[in-house]
Structures are given as C-alpha cells and as structure tokens.
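Open the model in your viewer and keep the selection panel at hand. The stops below say what to select next and what is there.

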Amino acid sequence: MPTSLLLDFGATRIKAALCDTNNGNLFEIKSRLSIPPVQKGVVFEIPFKALLKDFLSVCEEYAKQYDFTDIFICCQMHGFVLTDETDQPLTEYVSWQDDSASVAPLGKPSSWELFKEEFSDSFKEITGLRLRAGFPVVKIWDFLRKNHYEKVKVLSLGEALCLAGKSFHQAHITMSAGSGCLDFNTKHPSKKILDFIKLHTGTHLEFNEVAQELKPAGEIVLHGKKVCIWTAVGDHQCAVLGAGNNLDSLSVNLGTGSQVSAICTVSPDIVQAERRHFFDGQELLTITHIPAGRVLAALMSFYTQLTGRDGWRKFNDVSVDELQNSKLPVFNLALFTDAWGYENGGAITSLTLENLSENALWAGLFRSFAMQYVRALDNLKIPGRKEIILSGGKLSQSNVLLHYLNKKTGIPVRLANMGDETLVGLAELAKKYC
C-alpha cells in the first residue's frame, strides 16, 4: 500500500504516524518529547543541529521497519532560523517563546516598542494578523539591529527541517504568513515591512517561494531511498482540518494557543479577529490566544500547592445546574501579555459574602472559562453555521462544557472526529497529494 510518514512538530511533543494514502487510515502512532528550548533569560532557542538530528532520528526509526515515499509535516508557525544565501544557519532555531525583542536597552526603547510604533495602525491591514511581540518579524528586526548582514534568508521550522537533506526552497503559505512578513492580499512578503527593516538595518530579507498548494519542498535519503518532504503546514490550520471543520461549522480549540475559527471562502475584516490562509484557496477567520490550557494548568498547580488536592478533579465536578447561578464570581483569565483581552493581568471580581465559597469559586472559574468562547464566537459574527466542533485540551471531553456552549450560543455542539486532529489533518492532505 502507498504509505506516507506524518509528523507534528509541536512545542512540547513530536507526534508521528504512518498513513495509508489510499484511505487515510493511520497506524504506528507514536509520541515523544520535543527538544526543549535552551532558556537564557528571555531568550529561547533550540540548537539547529540538534533539531535536524531529532527530525532525522524520527524518520530513521520508521524507515527501519516501513517503506514510505513521502513525509508530511505540520508545525508551530512562529519560530524561525536565519540563514545566509547558501542555507548556512546564522542563528539557532528561535522559538515562539523568545521575548528578546521586548528587552529595552538602558534609557532606550525596545525593538518591540519601535516596531509597534511604526506598524500599530497598519500591521493587521497588511498581514491579516494582530500585531504581537511574539511574531518572528519583530525578533528578526531586533536581531538585525544588533548584528549587521547585507542579506539573510528567513526559514520557518518546516523549511529548516528540509536542510536535513536537499531543499527545494518552497514554503506553504500557512507557514510563510506565520512570520508576520507576508502581505495577506498579494501573498508575497510585504514591501512596506521589508523596506522598513532594510532602511533601519541595511539588511535585505529573503524568503523561499510561497506555495499556495502543497508542493515537494525537499528530499532526504533513508536507507538508500529518496523520500519526498512536502511543504510543511501550520499546526493551527491542520488541526482545524483534522477536527472535521468545513464551511458549515465553527471550530473551538481548547488547547494551548486556544482559538475559535471559521473557514471562509473570503473572510470578512473584523476588528477582534485575524485573517489567516487555509487550504484550497480558502481563508480562516480566527481569534487566537484565548486563555486556556496554559492558564488553567497554572491555576490547578496553584490550588494543589495550597491544598494538596487535585484541582482538575474539582474543576470537572462542576455541574450544569451550578453554572446557571447568576451570582457566581467572575474570573478574568488573561494572565499573559499576548492573551486575548489582556489589560493589566487577570482578576477575580463580583465576589460577595454569599458566593465566597470553594464550590462557587470553581463554578465561577468554569463559567468564566466557557464564556470566553461564547464571546469570541459572537465576535466572529459568522451567521448560519450549523454546528460548533469542539477539540483540543482536556476540557474538550467535558459534557458540561458542551451543553453550556450549546445553551449559550443556540448552535449544536459536538466533539471533533476521533483521533489526534493534527495527524488526521495531515492524513487528509496525504490522501489528496499522493
């Protein structure tokens, strides 16, 4: 049977599977920890050679037992490697967690502050994205203010992995856009952004060719056989695809980097939402960085430290009836600066003598968590969708959350298709292109 290797290079884990490309069936599904970034203060980097070695080791492990002809990859969209014209790395792999651009030299503004000053009014119009310090373009601007090069090439993680073999210098549009440099409408690097960087650093940024469909991006040799690496795609888009979404659904992903999204033929320009590229020429209207897994994990850990008890169990014990109480405490869960709705950190409000109890606090936390998604879906302003598909994170299996979202939105809610969403999404792509 024709077989492809599927790889999801996530921030914390690498998930892998083989796929029968006749029917999309997955087998030999495995998961292991990713190489963690080396943290030095606000700098988060992964040694580039170690990254390539890790990629090859996964491929070799499968190639010892199975014959496959193609590799399909999805990965985090907001990390990068800078190389010279001959693809020799000038940096390590800079993680999306890196915050070096926000550090201000003594008595001077940070690179982030300067970039924001220049593009705060135009960035979303150009790129479709809401401007954040975590985007590669901001960190690249910071790096080039401190290191002079005449010309550098920007590679996303998927493009960088192709350097383990022979690169064909192709990048899928979902990954190219993740750099924060791509003009949403022209589908090419933004002249305005590139001119700004060159004016202030003297450096010309180069990019691989932007492919709107998947294309062969490189090849590696495994046990004497050439294996095609297809252009990597964004993990967000891949998860939306794998969850079973279409033009009739709304996607609610509760995992890290949580989002609500809607696939559109042409996405409307909405203040609260971002426009992202999807597959087959479609677009994705999305609100991202909704406080979810990362914030809940921190709160559960805090509760366990205080009480010695399991916070997740208390959270999961909340009932639908408890959520109907109109006088519950209200939690603002925007605890990190890039969070949707962030102002000055999180808060608990509407506390009274009547609701100052452990059960009321847990119910208030659950309802506040759920109401984020109700508000986000309302902000998308996409009428006529027939269902909400729930995926990602521990709470996607919660019947209480499912029923509560259904009650508050008036739209049927169901769980995503069985299986890991990103691997299922990659299987769909493998079926189409092989």
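A salt bridge here is a side-chain nitrogen of Lys or Arg within 4 Å of a carboxyl oxygen of Asp or Glu. The model is predicted, so local features need pLDDT of at least 70, side-chain atom pairs count only at pLDDT 80 or more, and totals for chains, interfaces and linings use all residues. Residues are numbered from 1 along each chain as its sequence is written, and side-chain values use heavy atoms, with hydrogens and water left out.

**Stop 1: salt bridges**

How many salt bridges does a search of the whole structure find? The search finds 22.

Select Lys-225 and Asp-67. Their side chains meet in a salt bridge, 3.5 Å from N to O. Lys-225 is in strand S15 (residues 225-230), while Asp-67 is in the loop between H1 and strand S6 (70-75); the two are 158 residues apart, so this pair links distant parts of the chain. Helices (H or I, at least four residues) and strands (E, at least two) are DSSP runs, numbered from the N terminus. For accessibility, buried means under 20% relative accessible area, exposed over 50%, and partly exposed in between (1.4 Å probe, protein chains only). Lys-225 is partly exposed, with a relative accessible area of 47%, whereas Asp-67 counts as exposed at 52%.

Next select Asp-280 and Lys-432. They form a salt bridge whose closest N and O atoms are 2.1 Å apart. Asp-280 lies in the loop between S19 and S20 and Lys-432 in helix H14 (residues 421-433), so the pair ties together parts that are 152 residues apart in sequence. Asp-280 is partly exposed at 48% relative accessible area, and Lys-432 is partly exposed at 46%.

Salt bridges that share partners also join Lys-30, Arg-32, Asp-54 and Glu-61 into one network. Within it, zoom in on Glu-61 and Arg-32, which form a salt bridge with the closest N and O atoms 3.7 Å apart. Glu-61 belongs to helix H1 (residues 48-63) and Arg-32 to strand S3 (residues 25-33), so the pair ties together parts that are 29 residues apart in sequence. Glu-61 is partly exposed, with a relative accessible area of 32%; Arg-32 is partly exposed too, with 27%.

**Stop 2**

Ser-167 stands opposite Gly-218 in S14.

Pro-216 stands opposite Trp-230 in S15. S14 and S15 form a hairpin with two residues between them, and His-223 in the turn has a positive phi of about 55°.

**Stop 2: helix H8**

Select residues 235-242. Is helix H8 largely enclosed or open? Six of its eight residues are buried, so H8 is largely enclosed by the rest of the structure. The buried residues are His-236, Gln-237, Cys-238, Ala-239, Val-240 and Gly-242. Just after H8, Gly-244 takes a positive phi of about 95°.

**Stop 4**

S23 (residues 387-391) and S24 run parallel and are joined by three bridges; Ile-388 has Val-413 in S24 as its bridge partner.

Lys-381 lies in the loop between H12 and S23 and counts as exposed at 56% relative accessibility. Its C-alpha atom is separated by 15 Å from that of Thr-265, 116 residues apart along the chain.

Definitions and conventions
Two strands pair if DSSP finds at least two bridges between them.
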